[in-house]
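Subject: Structure handover

Hello,

Here is the structure I said I would pass on. My notes on it follow below.

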Amino acid sequence: MASPSPPAPQSDRMALLKAFDESRTGVRGLVESGASSVPDIFVHPDPYASVPLAPPGVSIPVVDLSLPAPIAAAAAAAEAARRWGFFHLINHHGALGVPEDHPSRALAAVRAFNELPAADRAAHYGRAMAGGVSYSSNVDLFRSPAASWRDTIQIGFGPQRADPARIPAICRDEILEWEAHATAVGRAVLGLLSEGLGLEPAALEETSCLEGKVMVCHYYPSCPEPERTMGLVAHTDPGVLTVLAQDAIGGLQVKHTDEEGKSQWVDVKPVPGALVINVGDLLQIMSNDKYTSVEHRVDAAAGDDHEITEVIDSYTSAGAVWSSDSYTSVSVSLSGLLISPEDLSNGGGCISITMASDRAALVKAFDESRTGVRGLVESGVSSVPDLFVHPDPYASAPLAPPGVSIPVVDLSLPTPIAAAAAAEAARSWGFFHLVNHHRALAVPDNYPARALAAVRAFHELPAADRAAHYGRDAATGVSYYSNMDLYRSPAASWRDSIRVELESGPVRMPHACLADVPEWDAHASAVGRAVLGLLSEGLGLAPPALEEMSCLEGKVMICHYYPACPEPERTLGIVAHTDPGVLTVLAQDGVGGLQVNHTDGEGKSQWVDVKPVPGALVRTSCRMKP
């Protein structure tokens with residue numbers, strides 16, 4: 001084995017990452033080049049030392065779909081989900097009409113793509129989900145401490161489906177076929193797990209648990225030094241349910257803790273004809289901890305021709321669940337910040353970007369200006385460019401009459417009363433204003449106003465100063481851009497954003513908001529902790545229950561800025577959406593613009609304006625007016 005080398009300086013590491021990514025051939029390209037050792041960027045310090053391996057013979061449970069569902073299959077699935085969070089699923093071919101040659105056909109097709117000549121693969125390589133499809137190595141390449149030994153095709157299948165033409169032709173048909181079969185499997189498993197909770201079989205599916213779908217096709221080339229790196233680091237899945245197909249080589253390991261509290265890594269040996277099912281974080285929350293989302297990892301493959309291929313279908317909830325994610329349109333998980341739109345005003349002139357005839361060229365030209373929507377306003381644009389136009393953006397549901405508002409939760413009230421109010425607001429609305437957090441949680445009176453002002457100050461810097469920070473890779477933990485989904489959404493929205501990965505270690509903030517934004521994160525975390533405590537009590541749990549499920553560990557702050565719009569009736573600040581994480585804490589300035597889609601007890605839906613309440617923080621199925 002090659003002797004370990006000292007870690008490269010950060011600047012050298014960034015250059016190595018950039019050079020690897022720009023090769024456009026992934027880890028497979030390293031193997032093809034004859035690499036005899038693991039490059040430094042892939043080295044994990046002592047990757048397999050944290051917990052011992054289970055002895056041979058220990059395995060995850062098996063659930064047999066040929067058993068009578070009410071008696072055996074549902075009980076077995078529920079027990080496996082409770083104790084392990086993972087299980088093999090067998091006899092799905094006969095029970096669900098899945099062809100015998102699937103998923104093996106899909107696995108073989110994905111392998112065939114990854115074993116194409118380098119130049120053919122490179123033509124598909126890129127990190128943007130163009131058309132809902134991407135092929136790259138390590139989605140977190142520029143922000144993880146060490147890269148992992150794998151390449152990946154990712155395809156979005158819901159709520160917005162990928163353009164099939166974007167899927168590589170060599171595996172297109174097999175992937176589309178397998179997605180339909182995997183959805184049938186997911187529906188059947190959710191039915192069993194619903195019954196295991198004492199619910200009707202359709203209960204989990206009816207909470208939109210099958211609407212958000214992504215297929216991730218991992219390929220793990222043979223590794224010259226598998227003891228120095230990993231195929232996939234230990235993690236839990238953030239969604240509801242994962243349906244996984246692996247080839248005959250294996251490599252998946254599950255962290256299991258027994259009744260005595262002893263943890264060990266268990267090899268998930270491939271079972272011919274079986275799929276692997278695992279519980280995601282959201283399903284653990286939705287089940288009030290009855291089902292368990294557990295850590296799992298993939299080791300690096302050793303030896304010639306020992307490539308591992310996995311096709312993973314993950315299901316996330318597109319609807320509201322108990323602590324869906326947000327207390328407004330800002331962050332994934334916990335802390336977030338929103339700059340609301342300026343007073344609407346018209347300017348004069350036009351911008352040259354509107355001369356382009358091709359939409360792709362329009363998008364590229366706008367992005368390469370590096371000045372965002374604010375740059376359009378600064379140029380004197382007098383109309384909304386075509387790429388921002390949404391067809392009839394406000395037509396989906398009527399506006400609520402004046403006076404209708406989201407609930408208010410007062411932290412100065414006794415905890416049982418505040419918890420009951422928060423639980424009812426989360427159940428009926430999914431949103432509420434939070435007041436008196438300054439006194440109850442010792443949040444300074446000048447926050448979040450200082451953070452809002454600091455983010456506004458950055459966005460109002462001269463264009464050249466902003467452009468120096470512009471980019472879509474959060475390599476330093478911070479990115480500034482316009483529209484994260486710019487290259488794949490049907491229409492862009494009228495906003496610019498700063499995104500801060502708060503769990504990625506020290507981050508490089510723009511100087512204009514260097515002090516105020518990180519300080520707000522500390523205060524927002526305190527607010528998030530308090531709200532999770534109230535919502536835990538509302539579920540009949542102990543106050544720290546949700547926090548102990550790591551609900552405060554993954555934090556992203558997104559600072560949205562909505563410049564003045566010359567034609568606000570033709571575009572949106574943010575399209576209607578739900579937030580994918582656990583909780584959002586949102587601060588908005590005095591202008592407003594946030595709207596919440598509320599359905600009353602009679603099933604009537606309407607958009608409710610969330611008027612700013614002085615000193616209050618806000619929560620999402622929301623949109624923003626420009």
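Ala300 lies in the loop between strand E12 (296-299) and strand E13 (301-302); helices (H or I, at least four residues) and strands (E, at least two) are DSSP runs, numbered from the N terminus. Ala300 is buried, with a relative accessible area of 8%. Here buried means under 20% relative accessible area, exposed over 50%, and partly exposed in between (1.4 Å probe, protein chains only). Ala300 and Trp149 are 151 residues apart in sequence, yet their C-alpha atoms are 6.5 Å apart in space. Neighbours within four places in sequence aside, Ala300 is in contact (heavy atoms within 4.5 Å) with Tyr48, Cys223, Pro226, Thr229, Met230 and Gly231.

Two points on how to read these notes. The model is predicted, so local features need pLDDT of at least 70 and side-chain atom pairs count only at pLDDT 80 or more, while totals for chains, interfaces and linings use all residues. Residues are numbered from 1 along each chain as its sequence is written, and side-chain values use heavy atoms, with hydrogens and water left out.

Overall figures

The chain has 626 residues, of which 53% count as buried. Its secondary structure comes to 16 helices and 24 strands. The accessible surface of the chain is about 25,400 Å², and 55% of that belongs to carbon and sulfur atoms; areas come from the Shrake-Rupley method with a 1.4 Å probe, and for residues only the protein chains shown count as cover.

Aromatic pairs

The structure holds nine aromatic pairs. Rings of Phe, Tyr and Trp (its six-membered ring) pair if their centres lie within 6.5 Å; planes under 30 degrees apart count as stacked, over 60 as edge-to-face and the rest as tilted. One of the pairs is Phe42 with Trp149, edge-to-face at 5.2 Å centre to centre, with 75 degrees between the planes. Phe42 is in the loop between H2 and E1 and Trp149 in the loop between strand E3 (133-136) and strand E4 (151-158), so this pair ties together parts that are 107 residues apart in sequence. Both Phe42 and Trp149 are buried. Another pair is that of Phe366 and Phe388, which counts as edge-to-face because the ring centres are 5.3 Å apart and the planes stand at 90 degrees. It links distant parts of the chain, with Phe366 in helix H9 (residues 359-369) and Phe388 in the loop between helix H10 (372-378) and strand E16 (408-410), 22 residues apart. Phe366 and Phe388 are buried too. Ring pairs also link Phe20, Phe42 and Trp149 into a cluster.

Separately, the charged end of Arg297 sits over the ring of Trp265, 4.0 Å from its centre. The criterion is NZ of Lys or CZ of Arg within 6 Å of the ring centre and within 35 degrees of the ring normal.

Nonpolar cores

A nonpolar core is a set of buried Ala, Val, Leu, Ile, Met, Phe, Trp, Tyr and Cys residues joined through side-chain atoms within 4.5 Å. The largest has 49 residues, and Ile155, Ile175 and Leu193 touch the most other members. H7 gives the largest share of this core, eight residues. Apart from it lies another core, of 42 residues, among them Val409, Val517, Val582 and Ala587. Beyond four places in sequence, the contacts of Ile155 include Met129, Val133, Ile175 and Val214.

H7 itself (residues 172-196) has 25 residues and reaches 36 Å from its first C-alpha to its last, close to the 36 Å expected, the expected span being 1.5 Å times one less than the number of residues. Just after H7, Gly198 takes a positive phi of about 80 degrees.

Backbone exceptions

Most residues other than glycine have a negative phi, and most peptide bonds are trans. Asp46, not a glycine, has a positive phi of about 45 degrees. Asp46 is in the loop between helix H2 (26-32) and strand E1 (62-64), and is exposed at 60% relative accessible area. Ala442 has a positive phi near 60 degrees; Ala442 lies in the loop between H12 and H13 and is exposed at 62%.

A cis peptide bond joins His102 and Pro103, with omega about 10 degrees, and Pro103 is in the loop between helix H4 (92-96) and helix H5 (104-114). The bond from Tyr447 to Pro448 is also cis, with omega near 10 degrees. Pro448 is in the loop between helix H12 (437-441) and helix H13 (449-459).

Regards
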